[in-house]
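Take one topic at a time, in running paragraphs.

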Amino acid sequence: MRFSSLWSSSGELPPLLRVGLILAAISPVSHAININPIPPANLDFSKLGSVGLAGDFSGISLYEFEGQNQNGFSTNGSASILTRLPNGAFVTLAAADAGIEAMCSFVLKDGSTQGVVVGGNFTSLGGMESPGAALIDPNTSKVTALTGISGQVYSLLCDPSTNSVYVGGNFRAANSTNAIVWVGGGVGWTNLPFQGFNGQVSSITKASNGNIVFGGNFTGLGNATGPSNPDQQIVNISGANITSTSSTATTGFSDPMNIICKTGGVDDAGNTWLLADNTPGAWKASFGFGFQPTKLRLYNTHLDGRGTKTWRFTAQPINGIMNFTYVDPSTGQNASCSSECPLSSNSSLQFQDFHFVNRVGMDEFQIDISAFYGSGGGLNGIELFEDDIFAYAINDFNEPTCSSVQVSSNATSTGSWRVTPSGQSVSQYLTATINSSTTQNVVFMPDIKQSGNYSINMYTPGCRQDNSCVTRGEVNVTGVMESSGAGFTNRSLFQTNDFDKYDQIFFGYVDATSSSFRPTVTLSPATGQNIPNLSVVAQRVEFILTNPNSTGGLKDIFEYNPQQAVITTSDFANSTFDKAGNSIETGPGVKSFATSGNTTFVAGDFTAVGFRNIFSITDSGVTPLPGGSLNGAVATTFLNGTSLYVGGNFTNTNTSTATGLNNVAVYDTSKNAWAALGAGVNGAVKDIVPLQLNVSANKPETVITLTGNFNQLLAFGSNKTVTVTGFAVWVPSRGNWLQNLDAVTIGVDGQLTASVDLPGGGSLFAGTLSSSQLNTNGVVQVESSSSLTPFPVRIQPQQAQPSTAIAKREASSQNGTGVIAGLFYGNGGRNVTVLGGHFTATGSNGSDVHNLVFINATSANAVTGIGSQIASDSTFHSLALQDDTLWAGGAVTGTVNNGEVNGLLSYNLATSAFGTQPPALSGSNVAVNSISVRPNTADIYAGGSFESAGSLQCPGVCVFSTTTAQWVRPGSNLAGLANTMKWGSTDSLVAGGALTLNGANASLVTYDAKAQNWTAFDGSSVLPGPVTTMEGANRDLTQLWVAGSATNGSAFIMKYDGSTWNSVGNTLGSGSQIRGLKLFDLTTNHASSALMDASRVLLITGSLNLPGFGNASAVLFNGTAFQPYALTNSNSNTGGSLSQFFSAKEMSFPTGGGRIAVGLIVLIALACSLGIIFLMVVAGVIAERIRRKREGYMPAPTSAYDRNSGMARIPPEQLFGSLGQGRSGVEMQSTRI
């Protein structure tokens, strides 16, 4: 059990690679930390023509610097300190276990930099325990704990003129509450002269006169809090483990439990505990929770003249003897004692009270009796009191029911909860494990003896001690505070804190407990959490009464002069700020300050005569904004020049004089007018943070980021409603949201809560972000191995899909959304990029184009589709070209020219029209995953998931002969699911998938088009599962790479070297899905290995888990090691995926080593033979002509005639029918006949 909180007053690469995006989309950023570049990929694209990467993503980055990742942003309430890399990506310097609310650069007046002070509701930063506040060195990322705060920090102000950092929030530190100062130069935490406030501080600013202004929800100065009648809460001793030493052997008097809950003064068996005769002894209580007692009440025994004379009280775990004050009953005077405290033998004195001099946290104590009256010592009762008002989830820690309390503190629980050991926490607590929708909750019911304003804090034990950090999540807290039913609802808390913490859940009026009413606080798990075995914990709730004796006369604003050592209430009337605060009538108070020159803008949730929620303070006093105030609460402000950005929960000005001010607005301080940001957002804005981006030109500009509880950017003008995840970026220079612009820029999503400029240049940010170098959806051009640019097409962000469509697409081995396949078409001088998958793009005419899109570079990058004849829920998995005809396959359905399309379609790219379609495929969940055109023929091989083609039974792989417009089954011994196919030669096809060959499972097979039969690929029985993709390692596929999913669910990659299969090992982590392999030449060789030539590297695409790194969408394998190549993000806040690398030209393979294939040797020999025969015939003809001429040969006379008259008409099929024999699908068809 940990007691640190109880001891306090709280009671508890080479030079930068060119990325096309950098110059066009991000601003120059200065960096204070060391940035380690990654060695370049050195991929040689010089012979490939145009190249692209297709996938399911909303942003993509090349992996260039250590620290880059494709992790989504955190949704568990935690945040991090972030910095930016030269390529624009955000990386983490130090992670916190909860939110970060404020940062400031701490520079002393001598100019020396101390670091960046960080404040929030975290308990650890960078893995170091430092509740509420910490210091980070931006040069080294070293975190220094600023220990001493218990609670949350909401605001920071670094003041170089006094070497001070002013800290405000809801906390206790030293002898202050809610405000304190950290002084540099080794001084540390220092109490302000007024020792803080009686309510939380939300914002701190420095006025033009040099004074420090605090804003929040308070009514007075001072740290004193507590009930007017102290010592009213009873510590439950009855639930403790009670032991004793040297107890009497007399029956009925030896049990130390006898004196628990015994306050009647009866001395007899079962009610009195005695020591053995003439023997010192001890009485001990060990608890499962910690507490800070303020008063001890002892009942002495008088049985047979016995009794305790002197005693001492030792507290654990500090092992300290406590000091007490008491009233001497013999003199009536105040007295003190420590190691020998007296207890009177006067039988008319029922008990004696001893007050603790020091408030010390403890979970165990022992009373040692050193002297006694008569034959021995003993006690007749004991009670322990405290000021702290707690309600524990475990009822053994609440007030005892046997006490004189009318309504003791209590708790009830619903559902299954278990007691968890305290570990490093202050007490044991309840834990529930939730796997489905349940009704678990805990209701805390405190014993409130005095009505008044209370600060209510909920304590949450840290997750490290019980190893539950990965299963902790979010809880919802509600409360009923008054007999009228008033209170609070839907207070969301995250329980992911590493160490113990408390959160303020309410500040306001609470009715006292009575026979007809008692306040309640209910904790329950938040709904909609996708966390397996979700852990929910419940420990205790604290009620702190605001002391009416604290220095009053304030309302939410206080101006402090650092030169003033003594603060009095008379000073309030002389302060413009204090008087302005007193003009506030009702509301939770001030949330944000923004100061410019002599004007300070004050925003929050309040009402006053003449304004609501926002006003300004000038030298002349309170000044309502000429443009009007706002009709709802303001949570945050940011002043950029003359533009005051305001976020909160409002819809208009208080006089409804503006439109579009939905939860965010900008106030022009020079024109005194409000303006909308588009039409705003559909939920409350919590934070506004500036960010530097290049958007309109190669020049950085300030854009405005919003974080809050919204999920839409509202439609305005020609801009449609945009779905977001609580994060938006406004571009002032364009008057629009970044999400609406076709700008080449970085992609950012998540949460930003604070930022700070560093003295040496650059900035740090607080929040949690997923970021990418290029904000684009589904496809990207690769200009070189280190340069990405977008295609000239706008692919719309993915939207939620009907479950039936999702199920249909997931039946394939391919991913179901995004761009899955691409190719380049260049016949006849054309330049068209074809993209297929499941997506929606915006056509050049503004219409939606579904799933198959053409980008015509020869026609001003016109974007078109194939029309509405193909169903919009289709998904294209594979594309292939045959002259000008595009063959597109997948889970595709539709009607073309009154004919059914299912699985495969053809489209003429030269005429932009559908041609004759192949008869529809049929089967369960039809999908064509691979299309391969047989070289030098007109035969289209389709592989996938189907049973029949037209009326032909043709499972797994089928051939469409374009010359006969008929389906032909290749062989008769193959069935199953085909995922990938490649031709090694004109007659040899390799296919992979979940296939069956002659009824037996097969992952890789070969088809001999001459012999028309399938056989298992050499040695393929060693493959651990179905093959999903392959890549040739030489021209004829006698060497090749394959990848797939093993029967145990893991991903595998293997290479066949011509005789043996070799595995790269179990190098990819769980959940990896490989969707593509591509072999590349390199511009710079690496070390050679048995698996890979030194001049090549294998690119693996998909959704990959790389141990030691994390998730990646493309990695490179050099034969010995993996290196991330491309990282992607998605709109669903998970890493995206890449499906395919596609190029205009294929990589060429050298013939290698002078070896010539046997077939080629035969052809060469045949050609030589024919050549010799031809020469012999020619020589013979010449010799014969010479002979005849020598013999006087003369031509015979001739006469004209109709040569055609002597020829019978022969049908063309008889004359030419035999010419097709032995060639492609026609031969196969005739053979079967």
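The paragraphs below take up a sheet, an aromatic pair, salt bridges and a surface patch in turn. The model is a predicted one.

Four strands make up an open sheet, in the order 11-12-13-14, and their pairing is antiparallel. At its edges are strand 11 (149-159) and strand 14 (188-190), each of which pairs on one side only. From one strand to the next, the twist averages 30 degrees. Strands of a sheet pair through backbone hydrogen bonds, in either a parallel or an antiparallel manner. Between strand 11 and strand 12 (residues 164-173), the antiparallel pairing runs over 10 bridges.

Aromatic rings are the next topic. The structure has 58 aromatic pairs. One of them is formed by Trp1041 and Phe1117, with ring centres 6.1 Å apart and planes at 80 degrees; planes over 60 degrees apart count as edge-to-face, so this pair is edge-to-face. Trp1041 belongs to strand 82 (residues 1040-1045) and Phe1117 to strand 87 (residues 1110-1117), and the pair links distant parts of the chain, 76 residues apart. Both Trp1041 and Phe1117 are buried.

Charged side chains follow. How many salt bridges does a search of the whole structure find? The count is 20. Lys284 has a relative accessibility of 28%, so it counts as partly exposed.

Another salt bridge connects Asp498 with Arg464, and the closest N and O atoms of the two are 3.4 Å apart. Here the partners sit in loops: Asp498 in the loop between strand 37 (487-494) and strand 38 (501-510), Arg464 in the loop between strand 35 (452-460) and strand 36 (474-480). This pair links distant parts of the chain, 34 residues apart. Is Asp498 buried or exposed? With a relative accessible area of 15%, Asp498 is under the 20% limit and is therefore buried. Arg464, at 38% relative accessibility, counts as partly exposed.

Asp1093 and Arg1096 also form a salt bridge, with their closest N and O atoms 3.9 Å apart. Asp1093 counts as partly exposed, at 46% relative accessibility, whereas Arg1096 is buried, with a relative accessible area of 10%. Salt bridges can also join into a group: Lys295, Arg297, Asp353 and Glu383 are linked in a network of them.

The surface is the final topic. Which residues make a nonpolar surface patch of about 460 Å²? They are Leu1166, Leu1170, Ile1173, Val1177 and Val1181. Val1177 is placed in helix 5 (residues 1158-1190). The relative accessibility of Val1177 is 49%, so this residue counts as partly exposed.

Definitions and conventions:
Residues are numbered from 1 along each chain as its sequence is written. This is a predicted model: local features need pLDDT of at least 70, side-chain atom pairs count only at pLDDT 80 or more; totals for chains, interfaces and linings use all residues. Side-chain values use heavy atoms; hydrogens and water are left out. Patches are made of residues with over 30% relative accessible area and no salt bridge: like charges are joined within 9 Å, nonpolar side chains (Val, Leu, Ile, Met, Phe, Trp, Tyr) within 5 Å. Accessible areas come from the Shrake-Rupley method with a 1.4 Å probe; for residues, only the protein chains shown count as cover. A salt bridge is a side-chain nitrogen of Lys or Arg within 4 Å of a carboxyl oxygen of Asp or Glu. Helices (H or I, at least four residues) and strands (E, at least two) are DSSP runs, numbered from the N terminus. Buried means under 20% relative accessible area, exposed over 50%, partly exposed in between (1.4 Å probe, protein chains only). Two strands pair if DSSP finds at least two bridges between them. Axes are lines fitted to C-alpha atoms, for helices over the stretch in contact, and angles run from 0 to 180 degrees between N-to-C directions. Rings of Phe, Tyr and Trp (its six-membered ring) pair if their centres lie within 6.5 Å; planes under 30 degrees apart count as stacked, over 60 as edge-to-face and the rest as tilted.
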